[in-house]
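Let's take a walk through this model together, looking at charged pairs, strands and nonpolar clusters. Please keep the sequence at hand as you read.

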Amino acid sequence: MAEDVEFRGIVEQAGHAVVVLDADGTIEYANRAFERLTGYRASEVVGRPYRFVVSEHAAGYAEEARRTALAGETWRGEVPVERASGDSCVVHQSVAPTTTDGAVTGLVVVAAERAEPTSKERVLEERFERLERVKRIIDAVRPVTGILLDASTREEVYEPVCDRLVETDAYDVAWLGDYHPASDEVALRALSGVEAGDLGSFTADPTDADGPVARAVRTREAQVVTDLAGHLSATSLPADRFRDLAAGIVVPLFHGETVYGLLGVYTARTSAFEEYERLVLAEIGAIVGYAYRAIENRQLLLSDTVVEVEFRSTDTRLHAVAVNAEHGGRFELRSLVPAPDDTLLAYVEVRDVDPRIVLDSMAETSDVRECRVVSEDVADQAALVQCRLVAGFLSLPIAEYGANVRSLVVEDGVMDLVCEVSPHTDVRAFVEHVTTASPETEVVRKRERTGAVTDDRPPEARQLAEQLTERQRDALEAAYRAGYFEWSRESTAEEVAAAMGITAPTFHKHLRKGLDAVMTALFEADEPS
């Protein structure tokens with residue numbers, strides 16, 4: 001037929017590869033440009049499906065293009081093509097329908113090898129790919145914060161966090177485990193993305209300087225897994241299920257100085273865990289650690305029973321013990337008031353020793369700052385000392401487990417500390433963290449006691465306290481403990497504000513609103529209606 005001869009004569013001179021297909025996608029004709037592009041002779045491909053020359057990874061694109069053209073529309077896109085030599089290239093391709101009497105009877109493919117991008121195009125392409133990776137990461141971690149806000153126990157965190165991370169295409173496997181410092185053991189609590197039986201536990205060997213688990217515990221920083229096989233062999237994870245994965249990262253779940261557990265995340269992406277992704281996952285670790293602490297605090301407040309744990313320590317690495325052992329006297333904690341940046345204002349009664357000696361000794365440690373004598377009774381050899389604790393409570397991981405300090409006395413170089421924790425708290429882990437941080441500290445007694453957290457105040461005082469916001473209560477207590485209400489005043493507003501780490505106007509605002517709430521509760525209820 002003259003028309004077919006004329007058509008083929010034109011396309012044989014064309015610089016682009018042209019392929020004619022029937023409606024099923026079988027090749028009926030290919031021009032010389034196609035032979036030059038692919039290395040196949042036309043006679044080798046005629047009668048074969050077009051997907052024969054398309055990379056197996058692009059079979060879906062080829063089918064999508066065929067269906068689009070059969071629907072009467074033109075498909076355009078980039079497709080990887082396999083050359084006869086085994087090499088591959090990417091081609092710009094359009095697939096259009098051919099019609100007879102208005103009906104689609106076949107397809108025509110026009111393709112040209114993609115030119116090398118310019119440097120500007122490469123930069124834009126890299127930025128686009130980076131943004132795509134960032135979006136995948138954000139999509140993966142965003143649901144985690146919602147889980148943490150709703151969780152009332154750790155069990156409500158384990159599996160949901162792992163499941164959410166692997167539900168997106170950013171990550172393929174995730175596990176979460178609790179860390180026990182006394183044994184350096186990681187007890188797996190959840191594993192998502194692969195099937196496994198008993199999760200078991202493994203050791204975070206602190207002597208293994210190259211192990212990502214031990215480094216994560218020691219540095220409290222996310223650690224990229226560089227040797228995936230070696231890492232998996234040191235755990236109880238089913239290594240045979242990780243064969244198709246290319247990269248991993250171990251993230252510590254911590255708050256303050258306490259590592260509660262670890263999160264492991266793995267992916268088949270070869271370019272995973274660049275700086276931004278590491279920072280995002282490290283932030284997730286810190287948020288989970290903070291959530292664990294909040295869970296412990298909430299459980300303690302709402303519980304009908306508490307677990308009372310009494311510690312005794314002669315560890316002179318604890319500064320209060322060292323000072324008392326050297327200078328004698330008796331130290332008794334009177335109150336703790338929360339201050340900004342996770343610091344605490346401690347009010348300590350010092351007896352039978354010059355309080356200035358205590359202050360001078362406190363000035364030698366970085367754990368305590370802004371110490372001063374609030375009041376002193378020389379005849380009674382007693383003084384009230386205020387100091388700000390900047391490294392947790394006496395450098396011990398007490399607050400991290402939501403523990404309430406019921407009493408603390410240091411005398412004759414021995415510290416007796418009584419704490420209360422929720423019965424839902426992992427008491428074993430709490431004790432392990434305390435005794436690991438201070439090896440010369442031991443548990444004297446542990447008992448469960450009916451009743452909420454110890455509060456010796458009369459019911460009327462508790463009702464008044466309920467009228468106050470947390471900041472108002474802190475400001476009033478700090479002012480009271482510092483002798484602000486005494487005549488004459490033992491502390492000025494500026495001194496109390498500085499100790500709390502806030503400005504004097506802010507302190508005055510909380511103080512006045514707190515006093516107003518107390519006065520309202522006292523007097524308005526008695527007014528006649």
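## Charged pairs

R406 and E308 form a salt bridge whose closest N and O atoms are 2.2 Å apart; here a salt bridge is a side-chain nitrogen of Lys or Arg within 4 Å of a carboxyl oxygen of Asp or Glu. R406 lies in strand β17 (residues 404-411) and E308 in strand β12 (residues 305-313), so this pair ties together parts that are 98 residues apart in sequence. Helices (H or I, at least four residues) and strands (E, at least two) are DSSP runs, numbered from the N terminus.

A word on the ground rules: this is a predicted model, where local features need pLDDT of at least 70 and side-chain atom pairs count only at pLDDT 80 or more, while totals for chains, interfaces and linings use all residues. Residues are numbered from 1 along each chain as its sequence is written, and side-chain values use heavy atoms, with hydrogens and water left out.

E308 also forms a salt bridge with R445, the closest N and O atoms being 3.3 Å apart. R445 lies in strand β19 (residues 441-450) and E308 in strand β12, so the pair ties together parts that are 137 residues apart in sequence. How exposed is E308? At 3% relative accessibility, E308 counts as buried, where buried means under 20% relative accessible area, exposed over 50% and partly exposed in between (1.4 Å probe, protein chains only). R406 is partly exposed at 40%, and R445 is partly exposed at 41%.

A further pair sits within one helix: E63 and R67 both lie in helix α4 (residues 59-70), four residues apart, about one turn of the helix. E63 is partly exposed, at 30% relative accessibility, whereas R67 is exposed, at 54%.

| Salt bridge | Closest N and O atoms |
|---|---|
| R406 and E308 | 2.2 Å |
| E63 and R67 | 2.9 Å |
| R445 and E308 | 3.3 Å |

The count comes to 24 salt bridges. R330, E332, R334, E349, R351, D380 and E411 are linked in a network of them.

## Strands around β7

Strand β7 (residues 185-192) is largely enclosed by the rest of the structure, because six of its eight residues are buried. Strand β6 (residues 173-180) pairs with β7 in the antiparallel sense over seven bridges; two strands pair if DSSP finds at least two bridges between them. In this hairpin, with four residues between the strands, D184 takes a positive phi near 50°. β7 also pairs with strand β8 (residues 201-203), again antiparallel, over three bridges. V186 of β7 stands opposite Y179 and also opposite F202 in β8.

## Nonpolar clusters

The largest nonpolar core has 71 residues, of which L165, Y171 and F430 touch the most other members. A nonpolar core is a set of buried Ala, Val, Leu, Ile, Met, Phe, Trp, Tyr and Cys residues joined through side-chain atoms within 4.5 Å. Helix α9 (residues 275-302) gives the largest share of this core, seven residues. Another core, of 24 residues, lies apart from it and includes L37, A42, V45 and A65.

Which residues are in contact with L165, leaving aside its neighbours within four places in sequence? They are A140, V141, V144, Y171, A174, L263 and V265, with contact meaning heavy atoms within 4.5 Å.

Finally, Y480 lies in helix α14 (residues 470-481) and counts as exposed, at 54% relative accessibility.
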